[in-house]
Amino acid sequence: MGTASRPSQANGAGFGRAFGRALVAGFVVAVFAVPSSGQAAIVRPRPAPPSPTPTPPPVPYPTDINSNISAGTTVIDLGSNFLRRLGNQATWGFNKALGANPGGGGASENTEDPRFRSWGEAYGLSVKNAGNDDFFGDKRTTYGGVIGLGARLAPGVNAGLSVDQSHTVIDVPLALQSATLNLTQIGFNASIDKGPWTWAIALVHGFGDIHSSRDTGLGTATAGYGARLDGVLTELSYYWSIDQSRIVPKAAFEYVRVSTGSLQEAGGVDPVMASGGVAERSRALIGAEIGHYWIFDKKILDLSAYGKFVDNLSQNFSPITVSLGAESITVQGFGESRYGADAGASASLSLTNTVRVYINYDGKYRAALQSHQGLLGVELKW
């Protein structure tokens with residue numbers, strides 16, 4: 001029995017030693033795994049989420065005021081057109097053909113006796129202007145009317161006063177913009193004849209209201225502001241006749257100044273504010289008129305045409321500041337090409353000594369602009 005109990009005791013002793021080793025190992029792990037009361041546990045912070053990218057503030061674009069630039073150009077062109085018509089009236093060669101040069105409407109006179117005359121005109125004008133980097137181009141349609149009164153102050157001295165009222169629709173389709181312009185112009189012209197020479201001067205003062213509209217995608221931004229213009233033209237002509245035909249060389253100088261008010265859009269998304277602008281243009285025009293008249297059944301039919309070379313000697317367009325909130329940019333205005341041509345034709349029918357009807361065409365041709373105007377007029381004298 002004693003021999004038989006030894007393996008059992010050996011097995012028990014081995015189990016005890018294994019259990020003891022496991023107990024010691026667990027105690028060691030527990031000691032090193034649990035921090036002492038004087039040592040804080042190490043906690044790794046979670047990384048902070050990235051901050052959102054701030055939304056940039058809205059900024060204005062140069063094309064936001066395309067209709068404003070177009071409106072200013074329209075005012076200076078309409079002032080130039082009125083000056084040109086006043087100058088052509090004063091130096092019209094048919095007046096010389098019949099021995100007179102009326103003040104306002106270009107009436108014919110057979111005597112040098114002082115007489116009055118009045119006239120009325122209706123016209124339509126179409127303009128297409130190509131674009132550039134910051135301007136998408138425009139289309140303009142103008143309808144207007146003129147009334148005037150002229151007088152012969154002395155032999156060879158004539159003067160006239162007239163008023164031009166017009167309405168213009170401006171379309172800038174690629175910029176989703178449009179505008180309207182109502183313009184009133186007051187014109188004065190005078191001429192002095194000395195033999196075959198005629199010297200004429202024309203003055204214009206105008207004022208108008210502009211209303212613009214811009215499609216912002218989520219509504220329409222609108223604005224209203226004013227415009228002013230002043231212009232002067234002086235022209236010298238020489239009359240050369242060949243029987244009932246004529247050639248009349250002409251040279252002229254023109255100056256026009258236009259100012260437009262500041263604007264503040266209302267409505268739509270991101271309405272902008274723009275400062276006022278000033279535009280000045282001086283040009284020289286050199287050309288000639290040719291014409292011929294026929295007399296039949298106590299009536300006189302006169303046909304004429306003219307052509308002029310145009311040199312824009314100086315064009316100054318002030319920069320315009322466009323603001324949207326705290327952001328602002330500067331947009332530079334622009335004018336016509338340096339060189340160009342004007343051309344036109346006229347048909348006049350004197351029904352009696354006191355009644356005349358006439359129709360005119362005037363065209364402007366520039367590198368990026370074309371303008372076509374048709375006019376119908378009637379003149380009465382007494």
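1. Leaving aside residues up to four places away in sequence, Y123 touches R85, T142, Y143, G144, G145, V146, D164, Q165, S166, Q373, G374 and L375. The model is a predicted one, and in it Y123 has its place in strand 1. With a relative accessible area of 6%, Y123 falls under the 20% limit and is therefore buried.

2. The side chain of D164 makes a polar contact with the side chain of Y123, at 2.7 Å, while the charged end of R85 sits over the ring of Y123, 4.7 Å from the ring centre.

3. How many aromatic pairs does a search of the whole structure find? The search finds four. One of them joins F116 and W382, whose ring centres are 6.2 Å apart and whose planes meet at 25 degrees, so that the pair counts as stacked. This pair links distant parts of the chain, since F116 belongs to strand 1 (residues 116–129) and W382 to the segment after strand 17 (369–381), 266 residues apart. F116 is partly exposed, at 44% relative accessibility, whereas W382, with a relative accessible area of 54%, is exposed.

4. Another aromatic pair, that of W197 and Y238, is edge-to-face, with 4.8 Å from centre to centre and 70 degrees between the planes. Here too distant parts of the chain are linked, W197 being in strand 5 (residues 197–215) and Y238 in strand 6 (residues 220–238), 41 residues apart. W197 is partly exposed at 42% relative accessibility, and Y238 is likewise partly exposed, at 33%.

5. Turning to the protein as a whole, the secondary structure comprises three helices and 17 strands, and 42% of the 382 residues are buried. Of the contacts with a separation of 6 or more, 66% are between residues 24 or more positions apart. The protein exposes about 19,200 Å², of which carbon and sulfur atoms supply 65%.

Notes
Residues numbered from 1 in each chain as written. Predicted model: local features only at pLDDT ≥ 70, side-chain atom pairs only at ≥ 80, totals over all residues. Heavy atoms only, no water. Helix = DSSP H or I, 4+ residues; strand = E, 2+ residues; numbered from the N terminus. Buried < 20%, exposed > 50% of the residue type's maximum accessible area, 1.4 Å probe, protein only. Contact = heavy atoms within 4.5 Å. Areas by Shrake-Rupley, 256 points an atom, 1.4 Å probe, with all protein chains shown as cover. Phe/Tyr/Trp six-rings, centres within 6.5 Å; stacked < 30°, edge-to-face > 60°. Lys NZ or Arg CZ within 6 Å of the ring centre and 35° of its normal. Polar contact = N/O pair within 3.5 Å; in protein donor to acceptor, adjacent residues only side chain to side chain.
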